[in-house]
Amino acid sequence: MEAKRRLKRKELRFKVVIVGTYGVGKTSILLQHFDRYFTRDPKTTVGVDFRQRKFHVNNASVILEVWDTAGEEKYANIVQIYYRGAHAVIAVYDIMKRTSYVRALEYIAEITGQAVPPLVIALVGNKRDLCQDGRREVATETAATFAAARNLVFMETSAKSTDNVDELFESVSERLVDECEKRKTDTHLRQKLRLNSSPTTATTPTPPGHRVRCCHTS
Ligand SMILES: Nc1nc2c(ncn2[C@@H]2O[C@H](COP(=O)(O)OP(=O)(O)OP(=O)(O)O)[C@@H](O)[C@H]2O)c(=O)[nH]1
Ligand SMILES: [Mg+2]
């Protein structure tokens, strides 16, 4: 009860990294969510980009630090440094390109194989608005089945039509809070939960490879 009260008062800060091969729409998803903006010609991401936003989940304030990474393979080493410390990773593919789905699954395999895997992984099929003309290469059921078997968040989005874009970040926030509460319950008798209380006004992003404190035990 006391821990629940403490959770209500605290702000939880999470590092979220978006990965996926080039052109799947990672930057477009972010632009749509943060700026309500879509363009046919966003700049190709070079290295990484950072945005942050506050969500309310139950009675907790959740701050997501969202990192947009470059999909081109020449940046793969940099991307790896960023997802290493992440609380959540969103692996995006283009539903019209099977190769991008295969790359998203490779990312997920790499990420889950880490010594400290993220609390939450989301598999996201983007460009859902294009599937109406029958050019889809990845069936919803194929990806949904894969995700369900591994307890991943799964969603098909359209950065163009805004479909499921906000819902994606809301689901990730909710799942992060759930995972924190689960860990608290699991270790409740033996260990004490500590929550991060960084102010929402903080603009300094977490350095790459570092995990900000959210719901670890001591
Ligand atoms: N129709 C449609 N086009 C999209 C959607 N999302 C992105 N695009 C287009 O796909 C192209 C690539 O989008 P980006 O957001 O730059 O892709 P990215 O994954 O950030 O690419 P990198 O930065 O190179 O890794 C652009 O022309 C976008 O306009 C979508 O949901 N629907
Ligand atoms: Mg980009």
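**Terms and ground rules**

I take helices (H or I, at least four residues) and strands (E, at least two) as DSSP runs, numbered from the N terminus. With that, I placed threonine 162 in the loop between β6 (153–156) and α6. The model is predicted: local features need pLDDT of at least 70, side-chain atom pairs count only at pLDDT 80 or more, and totals for chains, interfaces and linings use all residues. Residues are numbered from 1 along each chain as its sequence is written, while chains are lettered from A and ligands numbered from 1 in the order in which they are written.

**Entry 1: confidence**

I looked up pLDDT, the predictor's confidence in each residue, from 0 to 100. The protein has a mean of 84. I noted that 79% of its residues reach 70 or more. Residues 188–203 stay under 50. For that stretch the model has 30 contacts beyond four places in sequence; a contact means that two C-beta atoms, placed from the backbone, lie within 7 Å. Where pLDDT is low, the predicted coordinates should not be read in detail.

**Entry 2: overall layout**

I found 6 helices and 6 strands. From the N terminus, I read the order as α-β-α-β-β-α-β-α-β-α-β-α. Among contacts with a separation of 6 or more, 73% link residues 24 or more positions apart. I then looked at burial. A residue is buried if 20 or more other C-beta atoms lie within 10 Å of its own, exposed if 12 or fewer, and partly exposed in between, with C-beta atoms placed from the backbone. By this rule 37% of the 218 residues are buried.

**Entry 3: strands around β3**

I started with strand β3, residues 60–69. Of its 10 residues, 8 are buried, and the strand is mostly covered. I count two strands as paired if DSSP finds at least two bridges between them. Strand β1 (residues 11–19) runs parallel to β3, with 8 bridges. Glutamate 11 has serine 61 as its bridge partner in β3. Valine 17 has tryptophan 67. On the antiparallel side of the list, strand β2 (residues 48–57) is joined to β3 by 10 bridges. There, phenylalanine 55 is partnered by valine 62. The hairpin of β2 and β3 has 2 residues between the strands, and asparagine 58 takes a positive phi near 50 degrees in it.

How many of the residues of β1 are buried? I found 8 of the 9, so β1 is largely enclosed by the rest of the structure. This strand also runs parallel to β4 (residues 88–94), through 4 bridges. Isoleucine 18 is partnered there by isoleucine 90.

**Entry 4: the nonpolar core**

A nonpolar core is a set of buried Ala, Val, Leu, Ile, Met, Phe, Trp, Tyr and Cys residues joined through C-beta atoms within 7 Å. The largest one has 49 residues. Val16, Ala88, Ile90, Ala91 and Ala122 touch the most other members. Helix α6 (residues 165–186) gives the most to this core, with 7 residues. I followed valine 16 further. Beyond four places in sequence, its contacts include Leu64, Val66, Trp67, Ala88, Ile90 and Val172.

**Entry 5: leucine 119**

I found leucine 119 in the loop between α4 (98–112) and β5 (120–126). Is it buried or exposed? Leucine 119 is buried, because it has 22 C-beta neighbours inside 10 Å. Leaving out residues up to four places away in sequence, leucine 119 touches His87, Ala88, Leu176 and Glu179. Its C-alpha atom is 8.2 Å from that of cysteine 180, 61 residues apart along the chain.

**Entry 6: positive phi**

Most residues other than glycine have a negative phi. I looked up two exceptions. Arginine 36 has a positive phi of about 50 degrees. Arginine 36 is found in the loop between α2 and β2. With 10 other C-beta atoms within 10 Å, arginine 36 is exposed. Threonine 162 has a positive phi of about 80 degrees. Threonine 162 counts as partly exposed, with 16 C-beta neighbours inside 10 Å.

**Entry 7: around ligand 1**

Which residues come nearest to ligand 1? Of the 24 around ligand 1, I noted Gly25, Thr27, Ser28, Thr45 and Gly71; a residue is near a molecule if its C-beta atom, placed from the backbone, lies within 6 Å of it. Helix α2 (residues 26–35) gives the largest share of the shell, 3 residues. The shell divides into 6 nonpolar, 11 polar and 7 charged residues. Here Ala, Val, Leu, Ile, Met, Phe, Trp, Tyr, Cys and Pro count as nonpolar, Asp, Glu, Lys and Arg as charged, and the others, Gly among them, as polar.
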